[in-house]
Amino acid sequence: QSTWGHLIGMSATGPAKKLQIATNVVKRVAKEITAYEKDTKKQSERADQWQAEGRDEAEVRKQREVAEESQAMIKEAQARLVKAAQSLTEAIDDYLNNGGVEDEHVAQARETLATTAAAAGQS
């Protein structure tokens with residue numbers, strides 16, 4: 001790409017746009033994981049509370065199934081996060097290899113990778 005890319009706002013197209021999209025995908029999937037983790041905890045606590053209150057065993061069992069479904073969604077989202085992080089790493093390389101410079105977009109992408117890396121392996 002020519003040096004004109006920087007002058008006409010490379011952030012609107014090509015590698016810069018891919019970098020922005022990939023960064024946002026990683027952030028979104030990481031948020032999903034956090035939401036599923038909160039939901040799983042909430043559902044498990046509710047099942048424990050219902051059991052302690054002596055509620056019908058079928059209700060308690062159903063509540064535990066809901067918690068297990070949320071737990072399964074965490075694992076699925078973690079797999080998507082790993083793929084999204086790989087895509088983001090590739091987008092950073094593509095951006096830098098096509099005339100992009102180590103700028104705030106790259107810094108934000110790298111920060112996103114660093115802060116979400118733990119979420120990919122939790123639970």
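Mentor: At the start of H4, a side-chain oxygen of Asp 103 comes to within 3.0 Å of the backbone nitrogen of His 105. The model is predicted, so local features need pLDDT of at least 70 and side-chain atom pairs pLDDT 80 or more, whereas totals for chains, interfaces and linings use all residues. Residues are numbered from 1 along each chain as its sequence is written, and side-chain values use heavy atoms, without hydrogens and water.

Helices are DSSP runs of H or I with at least four residues, numbered from the N terminus. The 13 residues of H4 should span 18 Å at 1.5 Å a residue, and its end C-alpha atoms are 18 Å apart, which agrees; the expected span is 1.5 Å times one less than the number of residues.

The buried residues of H4 are Val 106, Ala 109, Thr 112 and Thr 116 (buried: under 20% relative accessible area; exposed: over 50%; 1.4 Å probe, protein chains only). Seen down the axis of H4, they fall within an arc of 125 degrees, so they line one face of the helix; the arc is that of the directions from the helix axis to the C-beta atoms. On the other side of H4, Glu 104, Glu 111, Ala 114 and Thr 115 are exposed.

The cover over the buried residues of H4 includes H2 and H3. Beyond its neighbours within four places in sequence, Ile 92 is in contact (heavy atoms within 4.5 Å) with Leu 19, Val 106, Ala 109, Arg 110 and Leu 113.

Note on methods:
Helix = DSSP H or I, 4+ residues; strand = E, 2+ residues; numbered from the N terminus. Polar contact = N/O pair within 3.5 Å; in protein donor to acceptor, adjacent residues only side chain to side chain.
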